[in-house]
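Thanks for making time. I have one structure to go through this morning, and I will keep to what can be read from the model.

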Amino acid sequence: MKVLLIVGLLAVSTLASHHSSDPTKDGEHFKGKEHDKKYDHEQFLGKDTAAEFDELTPEKSKEKLAKLVPKMDADSDGFIEENELKDHINFMQKRYVNNDVDRTWKNYKAEKIVDGKIKWEDYREMVYGSADGAGQELSPEYAKMIARDEKRWAVADYDSNGALDRTEYGCFMHPEDCDHMRDIVVAETVDDIDKNKDGSVDLEEYIGDMYRPEDYPELAGKEPDWVQSEREMFKEHRDKDGDGKLNQEEMRDWIMPVGFDHAEAEARHLVGIADDNKDGKLTLDEIVAHYDTFVGSQATDYGEQLQKHDPAEL
């Protein structure tokens with residue numbers, strides 16, 4: 001039960017902590033002059049595989065990356081073009097989502113899955129300990145989590161029959177991947193950021209969601225350069241009607257813009273970072289030279305986890 005709850009909360013917190021869908025325009029990639037490589041390697045590898053690479057030494061990261069690159073070269077011409085990189089990113093992200101959904105779906109008791117579907121009451125009982133809350137004394141925060149899940153569940157229930165099949169459950173767990181979940185993603189994000197609960201997000205709430213002074217003790221209270229850039233982004237691009245706050249429509253344009261291809265934007269960004277000779281495509285040498293952007297590495301403890309994963313499985 002705790003595993004399911006933690007995973008559910010993780011899905012929510014992921015939406016809350018990584019809002020912008022456009023990696024080419026905001027602080028997810030550039031904070032001041034500093035390039036955020038952690039974001040890129042999570043997109044390139046998928047979050048589960050990225051965590052594995054974080055434990056590798058630089059040498060092992062390069063070694064595994066060199067074995068992965070040829071798998072992306074669909075036409076075997078020795079170059080990784082933007083469309084091949086886009087396809088790879090899509091594949092890795094879909095694999096991450098599918099694996100995440102499978103892990104939790106398999107935790108439900110077999111008798112609770114009827115005709116391939118699970119009811120809200122059974123989900124609530126398994127995750128929160130009671131099908132209807134009877135006999136439970138819930139803290140305000142816990143009650144809020146249940147209410148949020150129930151609202152999301154209702155939207156994910158595409159055929160409105162009160163139960164979710166495997167596909168609908170996937171939308172419940174990862175609403176950012178389903179078009180019909182767009183509004184609930186926006187509503188949850190506003191709820192997370194909107195500290196004064198006026199139904200909108202003002203500039204300080206916007207900045208407060210991504211910047212905490214205590215994370216930068218070396219600056220003694222002075223804001224990093226990228227924070228000022230985000231303030232300007234809010235005023236010049238996010239707040240379209242200039243009223244000093246983001247309404248639901250403006251939040252939607254920020255979080256889940258219609259027609260935006262995330263994988264395409266990320267592939268274009270990565271090519272821009274690693275294409276040293278500016279020919280519009282990447283060689284193995286260029287990718288390996290920028291290994292820290294693609295796969296990351298914390299170079300910890302001689303990379304003990306190296307032997308646990310075969311590059312051929314990536």
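This is a predicted model: local features need pLDDT of at least 70, side-chain atom pairs count only at pLDDT 80 or more; totals for chains, interfaces and linings use all residues.

The protein has 314 residues, and 44% of them count as buried. There are 15 helices and eight strands. If you take the contacts with a separation of 6 or more, 66% of them are between residues 24 or more positions apart. The accessible surface is about 16600 Å², and carbon and sulfur atoms make up 50% of that.

Now the aromatics. The structure holds 15 aromatic pairs. Take W105 and Y169: their ring centres are 5.2 Å apart and the planes meet at 55°, so this pair is tilted. Since W105 sits in helix α5, residues 82-105, and Y169 in helix α8, residues 166-173, the pair ties together parts that are 64 residues apart in sequence. Both W105 and Y169 are buried.

The other pair I want to show is W120 with W153. Here the centres are 5.5 Å apart and the planes are at 65°; the cut-off for edge-to-face is over 60 degrees, so W120 and W153 count as edge-to-face. This pair also links distant parts of the chain, with W120 in helix α6, residues 120-128, and W153 in helix α7, residues 140-156, 33 residues apart. W120 and W153 are buried too.

Which residues make up the aromatic cluster? W105, Y108, W120, Y123, W153, Y169 and F172 form one cluster.

Leaving out residues up to four places away in sequence, F172 touches Y123, D149, R152, W153, A156, L164 and M181. R152 lies over the face of the F172 ring, 5.9 Å from its centre. There is another such arrangement at F79, where K281 lies over the face at 4.2 Å from the ring centre.

In soluble globular proteins, nonpolar side chains tend to be buried together. In this model the largest nonpolar core has 40 residues, and Y123, Y169, F172, Y206 and M251 have the most contacts inside it. The elements giving two or more residues to this core are α5, α6, α7, α8, α9 (182-193), α10 (203-208), α11 (225-238) and α12 (248-255). A second, separate core has 22 residues, including L85, A274, Y291 and F294.

Next, the backbone. Most residues other than glycine have a negative phi. S76 is not a glycine, yet its phi is positive, about 55°. S76 is in the loop between α4 (58-72) and β3 (80-81). Is S76 buried or exposed? Its relative accessibility is 63%, so S76 counts as exposed.

S160 also has a positive phi, near 55°. That serine is in the loop between α7 and β5 (163-165). S160 is exposed, with a relative accessible area of 63%.

Last, the record. An unreviewed UniProt entry lists residues 60-95, 239-261 and 262-297 under "domain: EF-hand". In the model, residues 60-95 are 75% helix and 6% strand, with the end C-alpha atoms 23 Å apart. Residues 239-261 are 35% helix and 9% strand, and there the end C-alpha atoms are 22 Å apart.

That is what I have. I am happy to take questions.

Technical notes. Residues are numbered from 1 along each chain as its sequence is written. Side-chain values use heavy atoms; hydrogens and water are left out. Helices (H or I, at least four residues) and strands (E, at least two) are DSSP runs, numbered from the N terminus. Buried means under 20% relative accessible area, exposed over 50%, partly exposed in between (1.4 Å probe, protein chains only). Contact means heavy atoms within 4.5 Å. Accessible areas come from the Shrake-Rupley method with a 1.4 Å probe; for residues, only the protein chains shown count as cover. Rings of Phe, Tyr and Trp (its six-membered ring) pair if their centres lie within 6.5 Å; planes under 30 degrees apart count as stacked, over 60 as edge-to-face and the rest as tilted. A charge sits over a ring if NZ of Lys or CZ of Arg is within 6 Å of the ring centre and within 35 degrees of the ring normal. UniProt positions are given in the numbering used here, feature names are shortened, and annotations may be inferred rather than shown by experiment. A nonpolar core is a set of buried Ala, Val, Leu, Ile, Met, Phe, Trp, Tyr and Cys residues joined through side-chain atoms within 4.5 Å.
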